[in-house]
Amino acid sequence: MIIYDPNRGHEYLSRMFFDQLHAYANRYDKPFSTSIDGVKNDTVLINADLLTPEMIDRLKNGGNKIVGFSITDSSYISQVCRSGKQMEKVDMFFAVTGIQTTNHGQEIVFNKETNGITTEDRRFLPDEDWAVFDKMRATGRLHSLPYISWDRPPDVSPRPYNQRSQKALVRGGHHMRRFILCLFLHKAGKLDINSGFHTAPYFGPTMNPQFKYCEKCCNSFEWHHGQAVVREPVSECTFKDASYEDLGAWNNKCPAMFYRMAQTLGFDPYGIQYLLNARWISDHEYRDMLARISYTTDLKWLFSIYAAQRFWDAASAGCVNVLPSRTMDQEYFPILNCEEHYAFYRESSIISEDLSRDFELSDYWHNSISRNAREQYDEWIRPGEFATNTNLLRHIIDTIRKVT
Ligand SMILES: [Zn+2]
């Protein structure tokens, strides 16, 4: 077998999968080669971004099997081989994401007529591409891989349920959908006080000018001693034309826009100021929090990676992930089942009273989900001899051997 990874085109893929597969094979299996010069009747593991029509033909003409590794920060397969026509020429894919089992999903949108949040049905792939995608999944040619942490996580000791804050922790970049979820959790009294977005670096001189907030917001931040206070968006604000139609376009933009959204949705912007002024926390402190808070949750864009690194951070600390119900539209490796390894809320209920109920699991149920998720973490994610879990590496090689 060959791992073809010239120029290490995707740092995460190279470091967390290809390098680790080399290390595993050198130790326990036959070492991989790295060159495809004149290769015939062999199996080639390759970054899916390199699977152009020419590359696929070149490898297939030599009678080789192709195993593509796709990582796109979404549920989609790499753009170059996403079409059904290209995809079906590849023998097998591993994708760092859950794998869609339905061609539709519910997106969270802002409804201008009602000034409220609602859901809309969206299609994942054009029908002809979906037919190939779904067939490959069903016949064992398309496999999910977990999004694992770059770094070896510090160990923390999970507390029992009755010694945990009965609330939900939300951290991460200030993305609009995640912010909206926070607003409604705040209203339901379910948001843990440590939740929020660390926006300070975006006001600072060290931020890449491309992402830095507008000068007026930066001046206000300085004037208010490092606080992102409530203010009206000005014409200079990043994404000044913030369209309510595309909530994704608001991600990481001037907080002024977020205060305006809060107000539009009927929240007192002063009451949620803390959300945009969260302090920085170290990885160790973050995991410590997860060990003493009952739930963590998130809401990103449709067809994103629903169980990302943060899922496993929580699982390792016994904190229950409560995820949008769209999470059930995908299959995962390691297996993640709803109500077994995570709990859920419905996208359509984030604005309703039902939301608080989704964050009130019984003692028994919390312990059960917490234990199951932690078992999956221990078996498949926890780093041991290599930076990537040894069982996971063995699983990848065994899965490839089944078709080659
Ligand atoms: Zn601004």
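Which residues of α9 are buried? The buried residues of α9 are Arg310, Phe311, Trp312, Asp313, Ala314, Ala315 and Ser316, where a residue counts as buried if 20 or more other C-beta atoms lie within 10 Å of its own, as exposed if 12 or fewer do, and as partly exposed in between, with C-beta atoms placed from the backbone. The structure is a predicted model, in which local features need pLDDT of at least 70 and side-chain atom pairs count only at pLDDT 80 or more, while totals for chains, interfaces and linings use all residues. Residues are numbered from 1 along each chain as its sequence is written.

Helices (H or I, at least four residues) and strands (E, at least two) are DSSP runs, numbered from the N terminus. The buried residues of α9 pack against α8 (283-290), β10 (293-297), β11 (320-324) and α11 (363-381); a contact requires C-beta atoms, placed from the backbone, within 7 Å. After α9 comes Gly318, which has a positive phi near 75°.

Two of these packing partners, β10 and β11, belong to an open sheet of 4 strands with the order β9-β10-β11-β13 and parallel pairing. Strands β9 (165-169) and β13 (343-345) stand at its edges with a single partner strand each, so one side of each has no neighbour in the sheet. From one strand to the next, the twist averages 30°. Strands β9 and β10 run parallel and are joined by 3 bridges, pairing being assigned if DSSP finds at least two bridges between two strands. Ser165 has Ile293 in β10 as its bridge partner.

Another parallel pair is formed by strand β4 (residues 92-96) and β8, joined by 4 bridges. Here Phe94 has His143 in β8 as its bridge partner. Strand β8 (residues 142-145) is covered on both faces, with Leu142 and Ser144 buried on one side and His143 and Leu145 buried on the other.

Turning to helix packing, the axes of α1 (residues 11-28) and α12 (residues 390-403) come within 10 Å and cross at roughly 85°. The two helices are therefore roughly perpendicular to each other, a term for angles of 65 to 115 degrees. Axes are lines fitted to C-alpha atoms, for helices over the stretch in contact, and angles run from 0 to 180 degrees between N-to-C directions. In this contact, Gln20, Leu21 and Tyr24 of α1 meet Thr390, Leu393 and Ile396 of α12.

Methods
Contact = placed C-beta atoms within 7 Å. Parallel < 35°, antiparallel > 145°, perpendicular 65-115°, else oblique.
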